[in-house]
Amino acid sequence: MKWKKFKVKTITDAEDIIISTLYDIGLEGAQIEDKVPLTALEKERMFVDILPEGPKDDGIAYLSFFVEVGEDGKLMVCGEPTEEEAILEKLRRELEELRQFSDIGEGSVAVDETEDIDWINNWKQYFHQFYIDDILVIPSWEDIKVEDEGRMVLHIDPGTAFGTGMHETTQLCVRQLRRYMAPGAMVLDVGTGSGILSILSLMFGAGHAVGTDLDECAVEAVAANSEANGIDPSRFELLIGNIITDKSVQDRVGYGQYDIVVANILADVLVPLTPVIVDQLKPNGIYITSGIIDDKEATVVEAVEAAGFQVLEVNRQGEWVSVTARLTAR
């Protein structure tokens, strides 16, 4: 099987925002090359006691995205045929838009062709079951151990869409959803990706969840992960579109009916999202946000308070921040 590799040269501080942005145009499964030292948790997950000293971090990062080449030479993105130039045009446009408000470094793109029949599955060797507090998160190719029987179990396959539960921002949201969930609650999950937060909301006792996402690829991922966790399709609705700018999406989502809105995105998206989401929440509804790098905390808190929310908690994990707020009665 042949693949086209689109390799972006950027800086380490921009890795997350570029991966998230390019995911929205169908480029998934980024391979990251940088010289950032591993954290203690990362070393633990690699089952390695001592690692050799690596090169000094120079702040440079390379993000590689692989796109399948069909038998007819067409590139396949989310199951749809396209051309190399079309992908390059979208990629460069997205990078230039990011450059308007964020430092992305050089932002150059190189294209290469590679051949590896197992590339699409090779990453599985690096993803193993793990825990979010007392919740076992497990991929489909692993079995539940005897000692984990009776635990709450989330079956999730990464690679289908953004969101495995391993990232700090997702774990921050999971804890807040559990803390503020009430039986039968209505939940709106903005940027649902793989559906992990909506699925866990329903497992925590929510009555119904609605997810929104920009990418059609989320449809297949949400369906597969919902089925794997025994979620009744009638309890989880997915809408594709931009809730910030598209009035028709806002109308379909509905107004004044959500007990909780959760948005694990990025600070630069949360700022314009927050005044919009006010209309979807019930009075006194809970707004859970994450995806906030620590130096953007004040920016998000200011936007949340300006929209009429009372900040209840600010939680941190690593360099990431979650802000939980309550919509003051109007």
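The legends below describe close-up views of a predicted model.

**View 1. Helix α1 against helix α3.** Helix α1 spans residues 15–23 and helix α3 spans residues 84–99. Their axes come within 10 Å and cross at roughly 135 degrees. That angle makes α1 oblique to α3, since angles count as roughly antiparallel when over 145 degrees. The crossing of α1 past α3 is right-handed.

**View 2. Residues between α1 and α3.** On the α1 side, the contact is made by Ile17, Ile18, Thr21 and Leu22. Helix α3 contributes Leu91, Glu94, Leu95 and Leu98. By class, the residues of this contact are six nonpolar, one polar and one charged.

**View 3. Helix α9 beside helix α10.** Helix α9 covers residues 267–277, and helix α10 covers residues 297–306. The two pack with their axes 9 Å apart, at an angle of about 10 degrees. The angle makes α9 roughly parallel to α10, because angles under 35 degrees count as such.

**View 4. Residues between α9 and α10.** From α9, the contact involves Ala267, Leu270, Val271 and Thr274. From α10, the residues are Thr299, Val300, Ala303 and Val304. This contact has six nonpolar and two polar residues, with no charged residue.

**View 5. Lys7 and the ring of Tyr62.** The charged end of Lys7 sits over the Tyr62 ring. Its distance from the centre of that ring is 5.0 Å. Separately, the count of aromatic pairs, with ring centres within 6.5 Å, comes to one.

Notes
Residues are numbered from 1 along each chain as its sequence is written. This is a predicted model: local features need pLDDT of at least 70, side-chain atom pairs count only at pLDDT 80 or more; totals for chains, interfaces and linings use all residues. Side-chain values use heavy atoms; hydrogens and water are left out. Axes are lines fitted to C-alpha atoms, for helices over the stretch in contact, and angles run from 0 to 180 degrees between N-to-C directions. Helices (H or I, at least four residues) and strands (E, at least two) are DSSP runs, numbered from the N terminus. Angles under 35 degrees count as roughly parallel, over 145 as roughly antiparallel, 65 to 115 as roughly perpendicular and the rest as oblique. A crossing is left-handed if the near helix is turned anticlockwise from the far one by less than a right angle, and right-handed if clockwise. Contact means heavy atoms within 4.5 Å. Ala, Val, Leu, Ile, Met, Phe, Trp, Tyr, Cys and Pro count as nonpolar, Asp, Glu, Lys and Arg as charged, and the others, Gly among them, as polar. Rings of Phe, Tyr and Trp (its six-membered ring) pair if their centres lie within 6.5 Å; planes under 30 degrees apart count as stacked, over 60 as edge-to-face and the rest as tilted. A charge sits over a ring if NZ of Lys or CZ of Arg is within 6 Å of the ring centre and within 35 degrees of the ring normal.
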